[in-house]
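Work through the exercises below with the sequence and the 3D structure at hand. Try each task before reading its solution.

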Amino acid sequence: MDELIAEARKARENAVAPFSKFKVGAALRTAAGKIYRGCNVENATYGLTVCAERVALLSALAAGERKFTSIAVITQSPEPSTPCGPCRQLMWEYCGDIDVALANLGGKRVDHKLSALFPFPFNFTLEE
Ligand code: THU
């Protein structure tokens, strides 16, 4: 996980956060061990902002990846910051119950399973 956090730290350097100044980096590991990075990208409408976790996930999916084991997220905050609700939903749908490592720049780290962060997910199933 240390390597994944280091990758997230590098990803954070590319964050586009002129409005909030809150830069986030994420690194998502595939089952085969490949790492996809993401950073938050803000825009002038604010509402179209995309979180670092989603950038990493969507970039991995667009590259054809479908199986994931873990994600690291790093922020500059007194305590490691937890992913927003929409990111939790998307991670759950596409990654399942992966390991989530949350870190801050100062070296604090908290580990969770995604199921602990997102205990009652929306699952799309139709009754017969
Ligand atoms: N942000 C993320 O990148 N990931 C999260 O899980 C929560 C928030 C970003 C969005 C925005 O650019 C900034 O952090 C402040 O909300």
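**Exercise 1.** In which sense do strand S4 (residues 99-104) and S5 pair, and over how many bridges?

Solution. Start with the source: this is a predicted model, where local features need pLDDT of at least 70, side-chain atom pairs count only at pLDDT 80 or more, and totals for chains, interfaces and linings use all residues. Residues are numbered from 1 along each chain as its sequence is written, and side-chain values use heavy atoms, leaving out hydrogens and water.

Step 1. Strands are DSSP runs of E with at least two residues, and helices are runs of H or I with at least four, numbered from the N terminus. Two strands pair if DSSP finds at least two bridges between them.
Step 2. S4 and S5 are joined by five bridges, in the antiparallel sense.
Step 3. As an example, Leu102 has Val110 in S5 as its bridge partner.

**Exercise 2.** Give the strand order of the open sheet and find its edge strands.

Solution. Step 1. The order is S2-S1-S3-S4-S5, with mixed pairing.
Step 2. Strand S2 (35-39) and strand S5 (109-113) each pair on one side only, which makes them the edge strands.

**Exercise 3.** Is Glu7 buried or exposed? Which residues does Glu7 touch?

Solution. Step 1. Locate Glu7 in helix H1 (residues 2-12).
Step 2. Glu7 counts as buried because its relative accessibility is 14%; buried means under 20%, exposed over 50%, and partly exposed in between, with a 1.4 Å probe and protein chains only.
Step 3. Leaving aside residues up to four places away in sequence, Glu7 touches Ala27, Ile35 and Arg37, where contact means heavy atoms within 4.5 Å.
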